[in-house]
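User: I have a new structure open and would like to go through it piece by piece. Can you help me read it?
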Amino acid sequence: MKVLFTFYIPSGGVETLNKLRCESLQRSGIECHVLYLMPGGSGSQNKTNFPVFISSIDEEIKEVLETHNYDAIIVTSDYLLLKRLRELGYGGILIYESQGLGKRSHAEDLIKDAIPYFRSYCNAVLIPPTDHLLELFIEICPWLHRYVIPNIVDVQSFQHIPAEPPADPVIAWVGRLESNKNWREYLRIAHQIRLHKPNLHLWMFHDPELATEDQKQPFQEELQNLGLNDRLSTFTNIPNHVMPIYYSSIANSGGFLLSTSITEGFGYAVAEAICCTCPVLSTDSDGVRSFIVHNISGKFYPLGNIETAVNEGLELMNNMPLRNALRQQGRNYMVTRYGTEKYAQSFREMMNSFAIF
C-alpha cells in the first residue's frame with residue numbers, strides 16, 4: 001500500500017501531522033510520501049525518513065504520480081487540487097482532508113465552495129474529531145462519506161526537559177499573525193497580567209513568511225501602545241523537534257502557554273505543550289476540547305473575556321498545588337489518549353474500506 005499526502009507548504013500543524021503519521025504508517029507497512037506545493041516554512045528544517053516532493057508544476061506533479069502509482073492520495077485543505085490531480089491522470093482513491101480551515105464561518109464558506117469538487121473528484125472526507133467540522137460536513141455534504149480519525153501527538157519526543165529555568169516568568173504564544181489566531185488578545189491579556197507580575201516576559205513563536213500583510217503594522221502598533229516592546233522575544237522558524245526545550249523552559253519559568261485562537265481544528269502547539277508539562281490557558285476553540293479538560297489537564301477562558309483570562313492565568317502562576325496537578329494530569333491525559341499505533345490502525349481500516357490492502 002502506497003499513499004501520498006499533499007498540502008500547500010511545509011509549516012504549522014499539518015506539517016507536524018504529516019511527519020508523525022508518515023513515520024507511524026510506515027512502521028505498520030504503509031509506504032508514505034508527501035507533496036508540498038510551495039517551499040519555505042519552518043517545517044523545511046525538519047528531517048524526514050520518507051520522500052518529500054516540493055513542486056507546483058503540473059509536469060513535475062504528473063511525473064510523481066506516474067512514477068509511484070499511489071493507491072490513495074489525501075489532499076489536505078486545498079480542494080482545488082482534487083480537480084488538478086484528476087486532470088493530471090490520477091484515477092485512484094482521492095480523499096479530502098479537512099484541517100486548518102480557520103474560523104467556522106470561513107470553513108463553512110470553503111466547504112460550500114468546494115461542493116462541485118467533492119461531487120466530481122472526491123471519494124471521501126477525512127476529519128479530526130472536531131465538532132464544527134463534523135457538523136458542517138453532515139449539513140452541507142450529507143452524501144460524502146466521512147472518516148473521523150484523531151490526529152497523532154508525539155508523546156515520546158514531547159516530554160519535559162529539566163534545565164535551568166529562565167529568571168522571570170514567561171507567557172508564550174504560538175501561531176501566525178492572522179485574525180483567527182487572535183494575537184491581539186494575547187497581547188492584551190499579557191499586558192494585564194504584567195500589572196501583577198512586573199517581571200513578566202512574552203515569547204512569541206511564529207513564521208513571518210505566513211504572516212498576513214494586513215496584520216503586521218497593527219501588531220507593531222498594539223505592541224507599542226501596550227508598552228510591551230521591551231518584554232517581547234520573538235522566535236521564528238524553530239524546528240518542531242526543538243520545541244520541547246522551549247515548552248519545558250516556559251513551564252520551568254512559572255509561566256504558561258496562552259492560546260487565543262477563535263477556532264482550531266486541532267491545536268498542535270497546545271497539545272505538544274501539555275505533553276511537556278507546560279501549563280496551558282486556552283479559548284474554547286473547539287479542536288482543543290480533545291485534550292483540555294478545565295482544571296484537569298489545562299484551563300479554558302471565554303473568548304474575548306480579558307478579565308477572566310487574567311484571573312485564570314494568575315491562578316495558574318500562583319496556585320502551586322493546582323499548577324503542579326495540571327502539569328502531571330495533562331501529561332498523563334495525552335499519553336493515555338494519543339498514540340501512533342491507534343492512528344495507523346484507523347487509517348488502515350479506512351484504506352481497507354476502499355478495498356486497498
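User: Which are the buried residues of helix 1?
Analyst: Note that this is a predicted model. The buried residues of helix 1 are Val 14, Glu 15, Thr 16, Leu 17, Asn 18, Leu 20, Arg 21, Cys 22, Glu 23, Ser 24 and Leu 25.

User: How many residues has helix 1, and what does it reach from its first C-alpha to its last?
Analyst: Helix 1 covers residues 12-27, which is 16 residues. From first to last C-alpha it reaches 24 Å, close to the 22 Å expected at 1.5 Å a residue.

User: What is the phi of Gly 29, which follows helix 1?
Analyst: The phi of Gly 29 is positive, near 95 degrees.

User: Stepping back, how is the chain divided into domains?
Analyst: Domain 1 takes residues 2-152 + 339-353, and domain 2 takes 170-337. Their C-alpha centres lie 28 Å apart. The contact takes 23 residues from domain 1 and 23 residues from domain 2.

User: What feature does UniProt place at residues 162-332?
Analyst: An unreviewed UniProt entry gives "domain: Glycosyl transferase family" for that stretch. Over residues 162-332 the chain is 42% helix and 16% strand. The end C-alpha atoms of that stretch are 18 Å apart.

User: Now Ile 73. Where does it lie, and is it buried or exposed?
Analyst: Ile 73 is in strand 4, residues 72-76. It counts as buried, because its relative accessibility is 0%.

User: Which residues does Ile 73 touch, not counting residues up to four places away in sequence?
Analyst: Ile 73 touches Leu 4, Thr 6, Leu 65, Leu 85, Tyr 90, Ile 93, Leu 94 and Ile 95 on that basis. As for Val 34, it is 39 residues from Ile 73 in sequence, with 9.5 Å between the two C-alpha atoms.

User: Next, the loop between strand 5 and helix 4. Is Ser 98 buried or exposed there?
Analyst: Ser 98 lies in that loop and is buried, with a relative accessible area of 0%. Leaving aside neighbours within four places in sequence, Ser 98 is in contact with Leu 126, Ile 127, Pro 128, Leu 133 and Phe 137.

User: And what about Leu 101, where is that found?
Analyst: Leu 101 is found in the loop between strand 5 (93-97) and helix 4 (104-121). Leu 101 is buried, at 6% relative accessible area. Not counting residues up to four places away in sequence, it touches Ser 77, Tyr 96, His 106, Ala 107, Leu 110 and Leu 133.

User: How many residues apart along the chain are Leu 101 and Thr 263?
Analyst: They are 162 residues apart along the chain, and their C-alpha atoms are separated by 8.8 Å.

User: Changing topic: how many aromatic pairs does the structure hold?
Analyst: It holds 21 aromatic pairs. One of them is Phe 205 with Tyr 246, which is edge-to-face at 5.3 Å centre to centre and 75 degrees between the planes.

User: Why does that pair tie together parts that are 41 residues apart in sequence?
Analyst: Because Phe 205 lies in strand 9 (residues 201-206) and Tyr 246 in helix 8 (residues 243-253). Phe 205 is buried, with a relative accessible area of 4%.

User: What can you say about the pair of Phe 266 and Tyr 338?
Analyst: Phe 266 and Tyr 338 are also edge-to-face, 6.0 Å centre to centre with 70 degrees between the planes. Phe 266 lies in the loop between strand 11 (256-259) and helix 9 (268-275), and Tyr 338 in the loop between helix 11 (320-337) and helix 12 (340-352), so the pair ties together parts that are 72 residues apart in sequence. Phe 266 counts as buried at 5% relative accessibility, and Tyr 338 is buried at 7% relative accessible area.

User: Which residues form one aromatic cluster with Phe 205?
Analyst: Trp 203, Phe 235 and Tyr 246 form one aromatic cluster with Phe 205.

User: Over which ring does the charged end of Arg 119 sit?
Analyst: The charged end of Arg 119 sits over the ring of Trp 143, 3.8 Å from its centre. Likewise, the charged end of Arg 337 sits over the ring of Tyr 333, 3.6 Å from its centre.

User: Last one: what is the phi of Asn 237?
Analyst: Asn 237 has a positive phi of about 55 degrees, although it is not a glycine. Most residues other than glycine have a negative phi. Asn 237 lies in the loop between strand 10 (232-236) and helix 8, and is partly exposed at 23% relative accessible area.

Methods. Residues are numbered from 1 along each chain as its sequence is written. This is a predicted model: local features need pLDDT of at least 70, side-chain atom pairs count only at pLDDT 80 or more; totals for chains, interfaces and linings use all residues. Side-chain values use heavy atoms; hydrogens and water are left out. Helices (H or I, at least four residues) and strands (E, at least two) are DSSP runs, numbered from the N terminus. Buried means under 20% relative accessible area, exposed over 50%, partly exposed in between (1.4 Å probe, protein chains only). Contact means heavy atoms within 4.5 Å. UniProt positions are given in the numbering used here, feature names are shortened, and annotations may be inferred rather than shown by experiment. Rings of Phe, Tyr and Trp (its six-membered ring) pair if their centres lie within 6.5 Å; planes under 30 degrees apart count as stacked, over 60 as edge-to-face and the rest as tilted. A charge sits over a ring if NZ of Lys or CZ of Arg is within 6 Å of the ring centre and within 35 degrees of the ring normal. The expected span of a helix is 1.5 Å times one less than its number of residues. Domain bounds come from an automatic or database domain assignment.
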